[in-house]
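I opened this model to look up how one chain is built, how the two chains meet, and where a few single residues sit. My entries follow in the order in which I made them.

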Number of protein chains: 2
Amino acid sequence: MLENTERTELNTLGEFGLIKHLTQFIEIKNESTIKGIGDDAAVIDYKGKQTVISTDMLVEGVHFDLAYVPLKHLGFKAVSVNLSDIYAMNATPKQITVSFAISNRFSVEAMEELYAGMMMACKKHNVDIVGGDTTTAKSGLVISITAIGEANADDLVYRNGAKEGDLLCVTGDLGAAYVGLQLLEREKQIYLESPGVQPDLGGNDYILERQLKPEARIDIPVLLKKLDVKPTSMIDISDGLASEILHICTQSSVGCNLFEEKIPIDPSTYNMAREFNMDPTICALNGGEDYELLFTIDQSDFPKIKANPDISVIGHMTRNSDGVNLITKGGTSHTLTAQGWDSMKRDV
Amino acid sequence: MLENTERTELNTLGEFGLIKHLTQFIEIKNESTIKGIGDDAAVIDYKGKQTVISTDMLVEGVHFDLAYVPLKHLGFKAVSVNLSDIYAMNATPKQITVSFAISNRFSVEAMEELYAGMMMACKKHNVDIVGGDTTTAKSGLVISITAIGEANADDLVYRNGAKEGDLLCVTGDLGAAYVGLQLLEREKQIYLESPGVQPDLGGNDYILERQLKPEARIDIPVLLKKLDVKPTSMIDISDGLASEILHICTQSSVGCNLFEEKIPIDPSTYNMAREFNMDPTICALNGGEDYELLFTIDQSDFPKIKANPDISVIGHMTRNSDGVNLITKGGTSHTLTAQGWDSMKRDV
C-alpha cells in the first residue's frame, strides 16, 4: 500500500548514515533523558523512582504482513504494544530503544515511513527514542523495541496481587483487532486471486484501526489515580482475554469466574465475527492484540469505577481450588483454557 | 560443531513453555532487580543512581556464522558485547533483557546451548536476566539484547569530553578478533571444498578465543577508580580503532595524532596477519570486535597509568583543525578514515 515515488537504496547511506538520517529530527522531551542517541549507551535519571523495562520483538511474516500493513502503521503499532506493557505496570513510559534488522528489499524511504510511525507514537505518549541498533538482514524485517518507564514503588501493579473476592475489570472492548485481521486476510486472498479487484474495506474503520493502529492505554493509569483506585493486579491483553486471565490467576494463586455476557464487544466486532461464522466471544477470549488493560480491584472500590463507561466488570476472583471458569450466557460453567474453553462441549 | 544426541522440536514446548524451560535456572542476584521475568515488565531500583541502557542486535549470516560458531560461544559473546557498551560509559551492568527470533531449524537443545552461554556471561559479570521475548522466525536466528546498568552521575564518561593535549589510551591488544575470523573463514572454505579434512586451528587459541568468546572489560572501570583516573572520554572498540577514534574526535571536536608503533598488537595476531598477507596495523585499525576500551585522560594522570601493562598510550588529542592523523612507523602522517587510512598512499 506504500507508494513512494523515490527509492534510495539503503547502502547509499551505510549504517551510521542511515541512523543519522532517521534520527535527525528526534528532540529529547523528558527531563529524565540525560543522554539520548550518540554514545555507547543512553543515560536516564528517574530521581529515585523505580525503573520499569519491557521488550518485544516483531518479525515480518510472523507478526505482520506488509501486503496490508502500511509501514507507518507498523512503526506506530510496534511502539504502542511495547508502551502497553509499561502501562500494564501502572507506570509511565519515558524512553524507548529501537533496533531493526532490514534486508536491502527496503529503501531509505521505506525506513523513513516506519520511523515516522514510531515517532508519531512517541509523540503521543511523550516518549524519547534514546538508542537502538540498525543492521542488515538477509531477508525480511525484524523490529525489537525496549520500553523504559518510571513509577513510584507504591504505584506499581504486578500480576500476582489478585485475591479472592476481587472484581475482574477490563478497559474498552475486545476482539476487534482479531476480526480486523480476518478481514484484511480475506481481502488479501481475494486480491491475490483477482489482482484487479479493489479490497472491500469500507465501513469497517473501527476494527481495521484496532488491528493496524492500536492505542496503548495511556489514559488508564491516570484515570485510576484520579478515581483513587489501585488495582490489586494488572496485565495488558496481547494474547487474548483467556490467556491473560490465566496469567493473573496462576501468579496470584486464585480462581476466577468470568461472565460471558459481561465481556465488552463492539457491535461492529460482533457483526464481522458473525459474517465470518465465528463466535464473537471466542474472538474476544482468544483473538488478542487488543492492548486493553485487564485488572482486578478490591470490592470496596466498585463504587469508584462503576459509572465509568470505559471500564467493564466482567467477573470476580474465587478460591484457587474453584478453578478458572467461563459462565456462559446459557448459565453453564466451563473451565477456561488459553484456547478459550472447550467449545466442543458448549451447550449452544 | 554442536553435537547433541537429542533433538526436541521447538513447537513441542510452545512460546511460554520454551521461555519457562530456558529461564528456570535463573537466580536473581542483584538487589536492584525488584522484579525479573514473569510480569509485563521488569522493575529495577538503582536508589538514586543513574540508569545506563544499551542495545544490540545480532543476525545470523551477518554477525555470526553457525558453521564455526558454537551456540554456547555465541550466547556468551552476544551478552558480552552489550555489557561492553555499559563499561564504556564507566558504569556497571546489572540487568539484561534477551529476545530471540528463531526458525524451527533450531531445536530446544540448541536454544539451551545458546542460553547456557548467555548465563555464563551473566554469571561472570554478575548480571540478572530480567526479561525478553521469544518468537518464531521464518529462517535463521536473530538475537536482540538490551543491557541496563548503573552509575553515579559523576562517574559517567561520555564520548564528547576529550580535549586538546589529552592522552589517547587503549586497553589490551587489537586486531586479534579480526585475524581469528579470517582463520575460521579459511578453514571453513577448506572444509567445504574437502569435507574429509579436519580444520587446522591448533596453536591459535588466543586469536580464536578473541573472535569466538570476547571478554567485556569488567576490570577497567574498577581499575580506573583504583588508580584515581577518570577518563575525559571513553568508547568500546567494536568497529575498529580508527572508527572509534573518529567518534571521539567528532563528538569532542578535537583532532588526534595516533602513533602506529604504539598500537598494541599481540605477536600471534601479528604472525597470523602476515600469514594472510595482511598489514597487522590495518587489522588493528579496521578489524573491530576487540571489545577493548579506548579512552582519553588528562596529561596530569599519565603517571598513574604508565606502569600498567594493560593500558597503552597510543596518541594524543590535538586541535580540531589539525585533523585525525596516523603517524606511521616511517614517520609520515596520514589522515585517518573509518577505513583506516588511504593505504594506496602508504610509504612502505
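I began with burial in chain A, where buried residues make up 57% of the 348 residues; I take buried to mean under 20% relative accessible area, exposed over 50%, and partly exposed in between, with a 1.4 Å probe and protein chains only. This is a predicted model, in which local features need pLDDT of at least 70 and side-chain atom pairs count only at pLDDT 80 or more, while totals for chains, interfaces and linings use all residues. Residues are numbered from 1 along each chain as its sequence is written, chains are lettered from A and ligands numbered from 1 in the order in which they are written, and side-chain values use heavy atoms, with hydrogens and water left out.

**Chain A as a whole**

I noted 10 helices and 14 strands in chain A, counting DSSP runs numbered from the N terminus, with helices (H or I) of at least four residues and strands (E) of at least two. The radius of gyration of chain A is 21 Å, close to the 20 Å that the globule rule gives for 348 residues, so chain A is as compact as a globular protein of that length; the radius is taken over C-alpha atoms, and the rule is 2.2 Å times the number of residues to the power 0.38. Along the principal axes, the C-alpha atoms of chain A fill a box of roughly 65 × 60 × 30 Å.

I then looked at contacts, meaning heavy atoms within 4.5 Å. Among those in chain A between residues at least 6 apart in sequence, 85% join residues at least 24 apart. On charge, I recorded 31 positive and 50 negative side chains in chain A, the centres of the two sets lying 4 Å apart; Lys and Arg count as positive and Asp and Glu as negative, without His and the chain ends, and each charge is placed at NZ of Lys, CZ of Arg, CG of Asp or CD of Glu.

**Where the chains meet**

How much area is buried between chain B and chain A? I read about 4,200 Å², of which carbon and sulfur atoms give 53%; this is the accessible area (1.4 Å probe) that two parts lose on being put together, summed over both. B:Asp40, B:Ile53 and B:Met57 supply 18% of the area that chain B buries against chain A, more than any other three residues. By contacts, 55 residues of chain B meet 55 residues of chain A.

I followed A:Ile53, which is found in strand E3 (residues 50–59) of chain A and counts as buried at 2% relative accessibility.

**Loop residues**

A:Ala137 lies in the loop between E5 and strand E6 (141–151) of chain A and is buried, with a relative accessible area of 13%. Beyond four places in sequence, the contacts of A:Ala137 include A:Ala101, B:Val59 and B:Val62; A:Ala101 is 36 residues away in sequence and 5.1 Å away in space, C-alpha to C-alpha.

B:Gly38, in the loop between strand E1 (33–35) and strand E2 (42–44) of chain B, is partly exposed at 27%. With residues up to four places away in sequence left out, B:Gly38 touches A:Arg159 and A:Gln251.

I checked backbone angles too, since most residues other than glycine have a negative phi. A:Asn126 has a positive phi of about 55° although it is not a glycine, and I located A:Asn126 in the loop between helix H3 (108–125) and strand E5 (128–136) of chain A, partly exposed at 34%. B:Asn126 also has a positive phi of about 55° and is partly exposed, at 36% relative accessibility.
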